[in-house]
Amino acid sequence: MSVPQIRDYTLVERLGAGSYATVYKAFKKNGPREVVAVKCVEKKQLSGSAVDNIITEITLLKLLKHEYIVEMKDFQWDERYIFIIMEYCEHGDLSCFIRKRRKLPESICKKFLQQLALALKFLRSHNVCHMDLKPQNLLLTSKPNLTLKLADFGFAQYLSADDQNSSLRGSPLYMAPEILLKHKYDARVDLWSVGVIMYECLFGRAPYSSNNFKELAEKIKSQMPIQVPPGSCISPDCRDLLMSLLQHDPDKRIDYESFFEHSFLDLEHFPSPESYQKAIDLVCSAVKYDSEKNFTEAFNLYCDSLRYFVPLINAEVDANKRAALRTRVNDYIKRAEDLKKIVYAKKGSGTEQQLHNQQKTVSDFIELYNLCSTTPALATALEIGSAAEQYVSEGHYRAALDKFQSCLGSLIPSLSNEPRGHRRDLLHNQIQVWMKEAESIKALLYAVNLKEADIAETKEPCRIQ
């Protein structure tokens with residue numbers, strides 16, 4: 001087959017092909033030797049629906065300009081072809097990336113999901129549903145860091161959260177059950193696809209891997225339970241998001257707002273132009289409280305700042321800037337650990353008012369524990385939370401976080417069933433205290449891990465030789 005000819009570009013390498021299009025790597029003929037990808041669509045191969053898809057894709061790509069969406073630079077046509085000139089992503093697609101590594105570490109999966117989530121958040125702001133999310137449509141570039149970009153909007157359509165459709169769109173393995181079963185569906189179908197992609201990143205295969213379409217359809221129709229493969233180790237937050245996405249019933253599936261706010265994604269602390277200033281403001285407040293000997297508040301603020309700083313370090317591409325920032329952050333980590341010893345040792349440091357507050361906190365806990373003596377489940381959860389604080393004081397952050405998550409997992413649901421009264425008020429206050437402590441320990445654990453391991457370790461699994 002002869003290579004198409006396109007004005008202003010030289011096609012040099014075939015990158016891939018679909019049912020009606022072939023993609024080539026190309027160079028711009030004039031000016032800087034810019035590398036692009038050119039999608040060549042042969043007109044005579046197009047059915048009526050395929051024409052509509054191409055028009056939709058070009059229209060959307062002209063509108064959708066975002067850091068994590070592949071950029072359309074131009075489009076042309078001649079008597080035989082339609083040409084879509086795209087940003088070139090030199091590391092291919094996520095499917096090949098997973099296949100070479102069999103499965104991805106949770107940290108890398110999280111990074112890719114954060115980038116995909118930000119792209120989807122942008123799409124939702126324009127009421128656009130992608131309709132064909134799969135690893136083959138997620139391209140990778142390393143400029144400046146390894147970055148995932150959403151591509152191929154041929155099946156995309158305008159679909160608000162309340163709009164419904166019933167046309168068959170997408171790839172069966174990643175298609176939401178409601179589409180496959182020809183039910184009415186809405187924009188939540190993309191969230192199922194995200195869940196399948198996440199599962200494949202973590203475990204190296206899709207949850208309903210099948211030999212043929214009939215087998216796949218039977219598994220989905222029977223609502224075969226989706227389980228984490230035996231022997232796999234993922235964090236509780238990761239597991240919660242995965243299972244929330246992979247709900248067969250769209251009404252039970254996580255919604256977009258909850259998805260964007262999920263603790264596993266933690267988009268609030270994803271590196272952005274505002275992150276550094278937020279981190280600095282928190283440190284300034286921490287220093288102020290530290291000088292006033294309000295050590296508890298200073299500790300929490302230093303930990304809050306680390307949740308912004310650590311992702312910024314990982315994202316910094318300039319080696320000198322990264323080293324300088326890391327040195328600075330190590331100082332904050334050291335001070336946070338020093339404050340932790342003061343706070344959790346309960347040595348009685350601080351002002352008279354702070355000593356009174358410490359004593360009241362201990363007194364309230366003892367009273368709550370006594371009030372829960374007739375409710376074994378609550379008493380046990382409180383004991384676990386107390387053990388978590390002991391682990392923190394000893395520097396066992398991972399064990400402490402596991403204990404905090406375990407006790408809060410029991411206490412928070414119990415709170416909603418607790419009748420109004422003094423016990424409920426004490427329980428609510430204790431939950432708030434431990435939720436704050438858990439967040440601080442999570443940040444400190446994240447930062448201490450950074451101090452113990454070279455940042456390059458995070459990038460190493462992503463290198464493409």
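Q: Which residues do ring pairs link into a cluster?
A: Rings of Phe, Tyr and Trp (its six-membered ring) pair if their centres lie within 6.5 Å, and planes under 30 degrees apart count as stacked, over 60 as edge-to-face and the rest as tilted. Here the cluster linked by ring pairs consists of Y276, Y302, F309 and Y332. Please keep in mind that this is a predicted model, in which local features need pLDDT of at least 70 and side-chain atom pairs count only at pLDDT 80 or more, while totals for chains, interfaces and linings use all residues. Residues are numbered from 1 along each chain as its sequence is written, and side-chain values use heavy atoms, with hydrogens and water left out.

Q: How many aromatic pairs does this rule give, and how is a pair described?
A: A pair of aromatic rings is described by the distance of the centres and the angle of the planes. The rule gives 13 aromatic pairs. One of them joins F97 and F112, which are edge-to-face, at 5.7 Å centre to centre with 75 degrees between the planes. Because F97 lies in helix α2 (residues 94-101) and F112 in helix α3 (residues 106-125), this pair ties together parts that are 15 residues apart in sequence; helices here are DSSP runs of H or I with at least four residues, strands are runs of E with at least two, and both are numbered from the N terminus.

Q: Are F97 and F112 buried or exposed?
A: A residue is buried under 20% relative accessible area, exposed over 50% and partly exposed in between (1.4 Å probe, protein chains only). F97 has 3% relative accessibility and counts as buried, and F112, at 2%, counts as buried too.

Q: Which residue lies over the face of F97?
A: A charge sits over a ring if NZ of Lys or CZ of Arg is within 6 Å of the ring centre and within 35 degrees of the ring normal. For F97 the residue is R101, at 3.9 Å from the ring centre. Elsewhere, K110 lies over the face of F264, at 5.9 Å from the ring centre.

Q: At what angle do helices α9 and α11 pack?
A: Axes are lines fitted to C-alpha atoms, for helices over the stretch in contact, and angles run from 0 to 180 degrees between N-to-C directions. Helix α9 (residues 275-291) packs against helix α11 (residues 319-345) at about 35 degrees, with the axes 13 Å apart. Where they meet (contact means heavy atoms within 4.5 Å), the residues include Y276 and I280 in α9 and L325 and Y332 in α11.
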